[in-house]
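Keep the model open beside you as you read.

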Amino acid sequence: MQPDEGKTHVDHDGTPSQGTFDLDVDLLQGVDLSRFTEPRLHQLLEAGFRVRLADRKRPAPEPKVARAIGLNTLHGADEHDLREALHVLAAWLRNPSETPPPAKRSRFNRPEGTGQLPAPRCLTTALAPRTCGLCNDPIKTGDEMGRFRRLKPPLDRTFITMSWLCRHCLLDRREQPRRRDLLIRVFHHLLAGSAVGLNPKECAVLHIWLDNPAIRQTLAWQRDPLDATTVRLATSVAEDKPTTWIAYPTASTALRAMAAAEPDHPEARLLQDVLQHVTDWDTNPSGVDTRRYGTGTPYRQQVLRTTPRPTWLSELGGPFFLHKSFDPAEEGVGEEPEDG
Ligand SMILES: [Zn+2]
């Protein structure tokens, strides 16, 4: 074994040594690719392609690897796609006769109606375990996962591109929202703006959650009663209203009341994490300079980045564009969010 095993060695004839690249490929099993930046990922990929080409000229490897992750070319691929391309290439080098199958890129089984999300860019099978880039649930080897298309301007100026997501987050999270999905939606909407936009299914989840005498008795509810909000939620469910806006202070009260009433809830940890970040935005514990960052999304992003108590939410960052129910002007539905 070479001491500088991380580098790709080049034989006297100019081709990378098969054995050394195998070492790199094997390293993918034990190494967290998330530590590698784009130049290093490109370097590994190029070395892998050379190894494949030295072994077999056809089929041309790069298009096959690109299609396996739902792209036509790896040119311009971001770090999340480059990491996945490396997993595909590593698997192919281990089994040279098994050409990587293309990712599914159309005819997704999507829900209809207000719970529908945009068509994903692709759906494929995880070649290595990881966690979902939105809900943080584990994605095991062999599980379906996929990505959305890259955000277009002006959305890409406000929102961070999500990485690979579990099937639920990609297709079903708005049609069959879990409490987890609701909390994540609240977090990203409050990071991005002054209100949380919910579809009727999400309103129903929140309504059922709040419909609890213990929550009504909390100090948070007593100080800022949510009776009118629960009526609005019930109406939105009954009328199948596409978007209902919950203003920032109301959403914040709901989080506090739910956290105080149900300390042992299965999503209690996530609820505490969301509440911690929302509280950080109010209290600015790391002293973010508001003259530089203002009081809007850049401020909240910076508070999140510098939080004294990092969580997986702060590690993923944001805000993520969770589709629809975001800008009332753009949607032409719902009521104007109140200023938070
Ligand atoms: Zn997920």
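Let's start with the lining of the largest pocket: α1 (18–30), α4 (79–94), β2 (130–131) and α16 (312–316) each supply at least two of its residues. Helices (H or I, at least four residues) and strands (E, at least two) are DSSP runs, numbered from the N terminus. Helix α4 gives the most, with seven residues.

Before going on, note that this is a predicted model: local features need pLDDT of at least 70, side-chain atom pairs count only at pLDDT 80 or more, and totals for chains, interfaces and linings use all residues. Residues are numbered from 1 along each chain as its sequence is written, and side-chain values use heavy atoms, with hydrogens and water left out.

What do "pocket" and "cavity" mean here? On a 1 Å grid over the protein atoms alone, a cavity is a set of points where a 1.4 Å probe fits but cannot get out, while a pocket is an open set with protein on both sides within 12 Å along at least five of seven lines; lining residues have an atom within 4 Å of a point.

The largest pocket holds about 870 Å³ of space. It has 32 lining residues, and Asp32, Ser34, His80, Arg83 and Arg130 are the closest to its centre.

There are two cavities of 30 Å³ or more, and here is how the linings split by class (Ala, Val, Leu, Ile, Met, Phe, Trp, Tyr, Cys and Pro count as nonpolar, Asp, Glu, Lys and Arg as charged, and the others, Gly among them, as polar).

| Space | Volume | Lining residues by class |
|---|---|---|
| Largest pocket | about 870 Å³ | 14 nonpolar, nine polar, nine charged |
| Largest cavity | about 90 Å³ | 11 nonpolar, two polar, no charged |
| Second largest cavity | about 40 Å³ | three nonpolar, no polar, four charged |

In the largest cavity, α12 gives the most to the lining, with five residues. For the second largest cavity, helix α7 (residues 179–192) has the largest share, three residues.

Now for the metal. Which residues coordinate the zinc ion? Cys132, Cys135, Cys166 and Cys169 do, each through SG, at 2.3 Å. Donors are N, O and S atoms within 2.8 Å of the metal (3.2 Å for Na, K and Ca); water is not among the atoms, so sites may look incomplete. In sequence, the donor residues are spaced C-x2-C-x30-C-x2-C.

Is Cys169 buried or exposed? Cys169 counts as buried because its relative accessibility is 0%, where buried means under 20% relative accessible area, exposed over 50% and partly exposed in between (1.4 Å probe, protein chains only).

Terms used. Points joined across faces, edges and corners; volume = space filled by probe spheres on them.
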